[in-house]
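Let's take a walk through this fold, one piece at a time. Have the model open beside you as you read.

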Amino acid sequence: GGMGKTTLAKLVFKKIHSQFDFSCFLENVREVSSERDGLLCLQRKLLSHLKISSLSIESLDQGKERIQNLLFNKKVLLVLDDLSSDIQLEYLAGKQEWFGPRSRVLITTRDKHLLVSLGVCETYDVQILSRDESLQLFCQKAFRREKHEEAFIELSKRVVQYAGGIPLALKVLGSFLCGRKASVWEDALKMLQQDLQNDVYKTLKISYDGLRDTEKAIFLDIACFFKGSPKDHVTQILKNCGHNPLIGIDVLIEKSLITDDGWHLGMHDCSR
C-alpha cells in the first residue's frame, strides 16, 4: 500500500487512452465492491462511458451481458484499480472475447498471486523510490520545491530514511512537516517513531486486514521477533508453534508484506 500503483496507472491511462475507441478507469474496485450493490455500480459506471441514455442494468448477470454485447467490437482500454478478487474481474472484464482486438485491461492490486491466478499476460512490480527520488518528492511537499532548505538537510534525510521509499509516506510526512520550525521537526520525528501518521497507517493496514487469522499471526511473529532472520530458521520455529509457515510466508510475500532475499526474511519499517 502507498507505493504509487494508482498514480502510475493514471499516468499510463492519460498517456494512451486516446489510442482506443473506448476507455474507462475504474478506481478503488476493492473498496467500492465491498459496498451494497458495489459491483453493479461499477458495471453501470463502465457502461455510462458509452453515453446511451436508455441503458439500464438491474443485475450483475445483466451487466455482464451488456458489457459483452456493447464492447465486443471496440478497441477498449480498461483500468481496474485495486482489484482484490477474481469475482470482481468476472463481472467487469471476464474474458478477452468481451472486447475487440488490441484491447487492453490494466490491473493494479496488492496481491501478486491474484495476477497469476487470473492468467495476466505481463506483470510490473512497482519498486520503492531511490534515496534521491524520495528526497525530491519529500521536498516538493515539505518545502514546495524540489530541494531542501540548508537548515533542514539532516532532518530531511532522517525523514526520508524513515519513509523507506514509500511515496504515500513521503507525501504525508512532507505535508505534515511543511512550514514547521526545525525544533518542531525534532519533536515530530520522535513522535513518528511511536505513532505512524494516520493516513499512511490506514493504507498499509488494508493489506494486513485482508489476511486470514493464521497469516496475521505469522506476520506479527515475524514483525516482532524474526525480521532479518534466516527463512529456514523462522519456518521451523513457526511449524513447531503449530502454524503452516510454508504457505503462510508465501502469501505474505505475494501481498508485499514481507520480503525474501533467498535467505533472510525482511520487512519494511513502516509495516511494523
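## Ground rules and overall make-up

This is a predicted model, so local features need pLDDT of at least 70 and side-chain atom pairs count only at pLDDT 80 or more, while totals for chains, interfaces and linings use all residues. Residues are numbered from 1 along each chain as its sequence is written, and side-chain values use heavy atoms, with hydrogens and water left out.

The protein chain has 14 helices and 5 strands. Both kinds of element are DSSP runs numbered from the N terminus: helices are H or I with at least four residues, strands are E with at least two. Along the principal axes, the C-alpha atoms fill a box of roughly 60 × 55 × 30 Å. Of the 272 residues in the protein chain, 40% are buried. Here buried means under 20% relative accessible area, exposed means over 50%, and partly exposed is in between (1.4 Å probe, protein chains only).

## The sheet

Three strands make an open sheet in the order S1-S2-S3, with parallel pairing; two strands pair if DSSP finds at least two bridges between them. Strand S1 (22–26) and S3 sit at the edges with a single partner strand each, so one side of each has no neighbour in the sheet. On average, neighbouring strands are turned by 5° against each other, direction ignored.

Start with S1 and S2, which pair in the parallel sense over 5 bridges. Leu 26 has Leu 80 as its bridge partner in S2. Leu 80, in turn, has Ile 107 as its bridge partner in S3. Strand S2 (residues 76–80) and strand S3 (residues 104–107) run parallel and are joined by 4 bridges. To get from S2 to S3, the chain goes through helix H5 (residues 86–93), and this β-α-β crossover is right-handed. That label means that, with the strands pointing away from the viewer, the path from the first strand over the helix to the second runs clockwise.

## Two helix pairs

Helix H3 (residues 38–48) packs with helix H4 (residues 60–71) at about 20°, their axes 10 Å apart. Axes are lines fitted to C-alpha atoms, for helices over the stretch in contact, and angles run from 0 to 180 degrees between N-to-C directions. H3 and H4 are therefore roughly parallel. The scale: under 35 degrees is roughly parallel, over 145 roughly antiparallel, 65 to 115 roughly perpendicular, and the rest oblique. The crossing of H3 and H4 is left-handed, meaning that the near helix is turned anticlockwise from the far one by less than a right angle; clockwise would be right-handed.

Helix H12 (residues 213–226) and helix H13 (residues 231–240) pack at about 125°, with axes 12 Å apart. H12 and H13 are therefore oblique to each other, and their crossing is right-handed.

## Cysteines

How many disulfides are there? The count is 0, taking a disulfide as a pair of cysteine sulfur atoms within 2.5 Å. The sulfur of Cys 121 is too far for a bond, because the closest cysteine sulfur, in Cys 24, is 20 Å away. Cys 121 counts as exposed, at 70% relative accessibility.

Cys 178 is in no disulfide either, with the nearest cysteine sulfur, that of Cys 139, 11 Å away. At a relative accessible area of 23%, Cys 178 is partly exposed.

## A serine in H9

Ser 175 lies in helix H9 (residues 167–177). Buried or partly exposed? With 45% relative accessibility, Ser 175 counts as partly exposed. Ser 175 and Leu 39 are 136 residues apart in sequence and 34 Å apart in space, C-alpha to C-alpha.
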